[in-house]
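Please look over the structure below with attention to how its chains meet and how individual side chains are placed. A briefing follows, grouped by topic.

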Amino acid sequence: MKNKHIIFVKMAIWVCALLPLARLIWLGVHDDLSANPVEFIERSTGTWALAFLLITLSMTPIRLLTGQVWQIQLRRTLGLWMFFYACLHITTYVWLDYSFLWSDIVKDIIKHPYVIVGFTAFMLTIPLAITSNNFMIKRLKKNWKKLHQVVYLIAILAILHFWWLVKKDVTEPFYYAAVLVILLSIRLYYKYSGNKHLNSKSSLSSKVSINKAI
Amino acid sequence: MIILNQSKRNPSNIQPSEITPREVFEHRRSFLKAAGFALAAGSALLLSGKTLAAEKVAFKAGTGQKINGYSKTAYGAGEQLTPYKDITTYNNYYEFGTGKSDPAIEAVLFKPRPWTISIEGHVKKAKSISIEDLLKLAPLEERIYRMRCVEGWSMVIPWVGLPLASLVKWADPTGNAKYIEFISANDSLTMPGVRSPILDWPYTEGLRMDEAINPLTLLAVGLYGEYLPNQNGAPVRLVTPWKYGFKGAKAIVKIRFVEKMPLTTWVKAGPNEYGFYANVNPNVDHPRWSQSSEKPIGRGLFADRIKTKMFNGYSEQVGQMYAGLDLNKNF
């Protein structure tokens with residue numbers, strides 16, 4: 001795929017990625033955010049952060065399965081949208097839910113496992129967002145890849161956060177967990193199955209794609 | 001041909017094995033009816049074309065059936081009521097689904113009349129009472145109570161009902177009755193939630209006898225001056241305002257007077273998270289939710305949390321019942 005096309009795809013991602021936020025604003029203006037609007041916004045932004053995380057994580061499995069490499073260039077855009085919704089999520093929690101009552105927030109975080117894991121996941125996304133620019137990619141070199149592998153931990157923590165939050169019916173977090181398990185299994189399969197052909201090709205193509213991104 | 005046809009239709013020719021049993025037949029008929037309703041409700045939802053369709057389908061105050069003849073009381077004077085729309089579209093009623101807006105949609109098929117409650121266990125004589133007779137057992141009164149959910153949100157609801165004490169008196173329990181168990185409806189036909197084993201159905205709750213006859217304890221039959229909407233527990237539900245909301249068993253079909261503390265549904269589901277007493281207590285945290293403060297429902301996006309009070313602010317009326325009880329252990 002040519003650069004021109006990639007730019008077009010990225011623009012489409014921008015438009016689509018703004019839709020969940022636009023929906024929240026629309027519902028908010030029309031007083032349609034349910035009886036518990038804060039919970040509604042927390043749920044919606046949290047769900048979209050998780051969705052963008054999983055979409056970001058599916059770019060490499062797509063490469064492994066199809067040999068296609070162009071979509072690797074979308075990882076940063078998608079990952080930053082995950083960060084965007086994670087920021088909205090935590091802002092809603094700190095501002096709308098807890099009205100900046102820091103002592104209550106600290107208590108809530110340290111006392112409740114589901115908040116701890118969610119908060120940890122968010123804190124871990126910050127260094128990834130900061131180092132997502134070309135300058136940092138060049139500067140950190142090999143360490144950049146190591147650092148950004150934290151994304152797997154973030155994904156696991158985010159799903160735990162969702163799982164532990166649910167009172168009894170874990171159907172929804174289960175679906176997200178299943179997607180993550182599938183995505184990670186594909187990676188592990190290619191890593192350990194000795195599928196050298198695809199492996200060599202993919203390590204080459206990842207270098208190419210990073211260069212392209214730069 | 002005609003003769004042949006007639007002979008075929010002759011009832012005497014029908015094999016007994018071909019006859020649909022009455023129960024199956026009736027079940028099928030009510031199922032078809034229910035399916036029809038569901039289809040109608042479903043298309044209404046599609047037509048309204050909104051994600052939060054529950055709020056569009058849900059009835060506004062004044063559309064339900066008015067309760068004639070109930071008296072106002074001083075309970076909750078000066079409290080800011082939660083809007084009717086919020087009370088009737090934001091429900092934890094897992095028999096109709098685990099989403100907060102599910103019950104308002106799914107409960108349209110539920111039929112709260114005719115209704116009888118059977119009274120069993122340690123009573124002089126097991127008997128049952130129809131909803132009509134229950135309504136005449138004591139004068140109906142309006143009571144504005146705060147409701148604190150274990151999930152950290154709260155409402156202020158103008159219930160209409162009668163003290164549970166009047167039903168206990170009518171039931172005439174024996175000296176062995178130390179606790180009361182409340183069992184909710186469990187009809188898989190009209191309650192889609194009970195088809196999945198999310199909780200151990202039927203929903204079961206319980207109270208100690210002194211809690212049951214405490215003047216605060218209400219059998220609610222209405223809210224905002226109208227008979228209860230299905231999603232709020234029609235036709236009759238329990239209201240114990242000093243306890244977390246899940247103690248309020250809905251659509252009660254059976255009341256059992258028992259000697260031992262009943263094993264209630266949420267205690268069974270998570271004994272480390274939910275206790276039998278479930279008294280509102282800002283000092284005892286739930287593993288998931290902070291219990292020291294709560295989010296009031298219906299006050300907009302920027303409403304501040306409010307501090308949760310001991311026994312939800314009803315210490316004066318109920319505190320003495322728990323004197324000497326370790327509330328950290330008996331949460």
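A residue is called buried under 20% relative accessible area, exposed over 50%, and partly exposed in between, with a 1.4 Å probe and protein chains only. By that rule A:Lys111, at 46% relative accessibility, is partly exposed. This is a predicted model, in which local features need pLDDT of at least 70 and side-chain atom pairs count only at pLDDT 80 or more, while totals for chains, interfaces and linings use all residues. Residues are numbered from 1 along each chain as its sequence is written, chains are lettered from A and ligands numbered from 1 in the order in which they are written, and side-chain values use heavy atoms, with hydrogens and water left out.

**Chain A**

- Chain A has 11 helices and zero strands, where helices (H or I, at least four residues) and strands (E, at least two) are DSSP runs numbered from the N terminus.
- Of the 214 residues of chain A, 45% count as buried.
- Taking contact to mean heavy atoms within 4.5 Å, residues 24 or more positions apart account for 65% of those contacts in chain A that have a separation of 6 or more.

**Helix α9 of chain A**

- The 16 residues of α9(A) reach 22 Å from the first C-alpha to the last, close to the 22 Å expected at 1.5 Å a residue; the expected span is 1.5 Å times one less than the number of residues.
- Buried residues of α9(A) include A:Val151, A:Ile154, A:Leu157, A:Phe162 and A:Leu165, and the buried residues of this helix pack against α2, α4, α6, α8 (142-148) and α10 (171-192) of chain A.

**The interface of chain A and chain B**

- The contact draws on 31 residues from chain A and 37 residues from chain B.
- Between them, chain A and chain B bury about 2700 Å², with 50% of it on carbon and sulfur atoms; buried area here is the accessible area (1.4 Å probe) that two parts lose on being put together, summed over both.
- On the side of chain A, the residues that lose the most area to chain B are A:Ala35, A:Lys167 and A:Lys168, together 27% of what that side buries.
- Between chain A and chain B there are 13 residue pairs in polar contact, both residues being at pLDDT 80 or more; a polar contact is a pair of N or O atoms within 3.5 Å, where within protein one must be able to donate a hydrogen and the other to accept it, and residues adjacent in sequence count only if both atoms are side-chain atoms.
- At least two residues of the side of chain A that touches chain B come from each of α1 (3-29), α2 (37-57), α4 (75-97), α5 (102-111), α6 (113-130) and α9 (150-165) of chain A, and α2(A) gives the most, with five residues.
- That side of chain A divides into 16 nonpolar, four polar and 11 charged residues, with Ala, Val, Leu, Ile, Met, Phe, Trp, Tyr, Cys and Pro counted as nonpolar, Asp, Glu, Lys and Arg as charged, and the others, Gly among them, as polar.

**Salt bridges between the chains**

- A salt bridge is a side-chain nitrogen of Lys or Arg within 4 Å of a carboxyl oxygen of Asp or Glu; the whole structure holds 18 of them over all chains, and four are found across the interface of chain A and chain B.
- A:Asp97 and B:Arg305 meet in a salt bridge at 2.5 Å, N to O; A:Asp97 lies in helix α4 of chain A and B:Arg305 in the loop between β12 (293-296) and β13 (306-307) of chain B, so the pair joins two chains.
- Both A:Asp97 and B:Arg305 are buried.
- A:Lys111 pairs with B:Asp285 at 3.6 Å, N to O, crossing from helix α5 of chain A to the loop between α9 (265-269) and β12 of chain B.
- B:Asp285 is partly exposed, at 25% relative accessibility.
- A:Asp104 forms a salt bridge with B:Lys307, the closest N and O atoms being 3.5 Å apart.

**Inside chain B**

- The side chains of B:Arg146 and B:Glu79 form a salt bridge at 2.3 Å, N to O, which links strand β4 (residues 141-148) to the loop between β1 (71-72) and α4 (84-89) of chain B, 67 residues apart.
- B:Arg146 is buried, with a relative accessible area of 19%, whereas B:Glu79 is partly exposed, at 29%.
- B:Asn279, in the loop between α9 and β12 of chain B, is buried with a relative accessible area of 7%, and its side chain makes a polar contact with that of B:Trp242 at 3.1 Å.
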